[in-house]
Amino acid sequence: MTKDLFQPLHPIPSPRTEDEAVLWIRLLRSRRVGVSTFFRLLGEHGSAEAALDALPEVAKAAGVKDYAPCPENMAQDEYRRAQMAGAKMICWGSDAYPALLSEISDPPPFFWAMGDTTLLHSPIIALIGARNASSIGTRMARKLATELGEAGFTVISGLARGIDTVAHDAALKSGKTIAVMAGGVDVIYPKENTDLAEDIARDGLRISEMPPGVTPQARHFPRRNRLISGLARAVVVVEAAAKSGSLLTARNALDQGRDVLAVPGHPFDARAYGCNMLIRDGAALVRNATDVIEAIGPAQTSTQTDANSHADDVSDTAERAGTRDKRTLAETAKLHGQILSRLGSCPLAEDQLIRDIGQSHGLGSPQILPELVNLELEGRITRQAGGLLSKPS
């Protein structure tokens, strides 16, 4: 399956000095600057410093008065806190940035990493599932993680209770694991996983796009979930209820062009409903690690050279063809306004919203969907069960 790579407007060099890194932090942490806006600003203005200088006027043109970018001292504090915690800053365009993550529609401009960053270029499979997992579910997760680790795969998950915890623990014993944190990379949640998290930082890898010191909140978990699927070749769901973060991660995976696999469960067990639904809708059925490997192929370690070559390909393509979406910031702000004007407290079907905007403004779902994701991540719209969207109450 051919994937459309995320491509900034122009090739973007990663920061080479601490001062440049702090400028990137300032830009991304500025109010109303999300991933797409960050890359557009850099593409239009050439550097984070120039983008920061232009931000007040850009905000004014979008109807935001008295706008001030993120203060320099706040960005410097984030950088220093990360250093004190032993975290590295992995930036878009650097050799350390994982090639698979650069393929998603909303890759983080940078994230913080504690541990073995070479795992970012290893063959990765996500194992996710219910927090209140059944004994059968935890046994299955442990068996899968152990066998996948022995087969050369790195297991990635979210360090949550239940399936995540078991998957990380088993993978550490048989291979390697990556934990994607919803809060700061130095903030362990839940607390009972403190020892496990320390083991992962020593023998595996912990990452987060949130600033160090941030306590995870509900709105952070959807952002975290897109990174779990974005870093993985495939996502295996062990147990999941009908309305769960695991199903959101599976949806992210499908949108990102990843394989989705699921472990079947008893129809009477609510924790198996999500997995059974995924299988009904076409996800590969998993009985053991062999099923996973047969579906996606054997582990093949990505070397640093492979990652460099991929980054070069992305830059070359961006230079030749430009971005997939050449809207200016003003046009993007206008589209956001059109989306928000159609939403209220009464939920509206996502498909209907896309049709309405498409018919009125000649846009297709490839142009509208990424902005819906951005608005959701910014907390300006809320996604409900059944593909319904509304403004936050």
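First, a word on helix axes: they are lines fitted to C-alpha atoms, for helices over the stretch in contact, and angles run from 0 to 180 degrees between N-to-C directions. Helices (H or I, at least four residues) and strands (E, at least two) are DSSP runs, numbered from the N terminus. What you have open is a predicted model, where local features need pLDDT of at least 70, side-chain atom pairs count only at pLDDT 80 or more, and totals for chains, interfaces and linings use all residues. Residues are numbered from 1 along each chain as its sequence is written, and side-chain values use heavy atoms, with hydrogens and water left out.

**Stop 1: the whole chain.** Show it as a cartoon. Of the 393 residues, 50% are buried, meaning under 20% relative accessible area (1.4 Å probe, protein chains only).

Stop 2: Select α1 (residues 18-29) and α3 (residues 48-61). Their axes come within 9 Å and cross at roughly 35°. α1 brings Leu23, Trp24, Arg26 and Leu27, while α3 brings Ala48, Glu49, Ala51, Leu52 and Leu55. Sorted by type, that is seven nonpolar residues, two charged and no polar. Here Ala, Val, Leu, Ile, Met, Phe, Trp, Tyr, Cys and Pro count as nonpolar, Asp, Glu, Lys and Arg as charged, and the others, Gly among them, as polar.

**Stop 3: Leu27 and the core.** Stay on Leu27 and colour its partners: leaving aside residues up to four places away in sequence, Leu27 touches Val33, Phe38, Leu41, Leu42, Ala48, Ala51, Leu52 and Leu55. Next, pick out Trp24, Leu27, Met89, Trp112 and Ile156, which touch the most other members of the 62-residue largest nonpolar core. Such a core is a set of buried Ala, Val, Leu, Ile, Met, Phe, Trp, Tyr and Cys residues joined through side-chain atoms within 4.5 Å. Helix α1 gives this core its largest share, six residues. A separate second core has 23 residues, among them Ala145, Ile163, Ala170 and Ala171.

**Stop 4: Gly204.** Zoom to the loop between α7 (194-203) and β6 (205-208), where Gly204 sits. Is Gly204 buried or exposed? Gly204 counts as buried, because its relative accessibility is 0%. Finish by selecting what Gly204 touches beyond four places in sequence: Met114, Gly115, Asp116, Leu119, Leu172, Thr177 and Asp199.

Definitions and conventions
Contact = heavy atoms within 4.5 Å.
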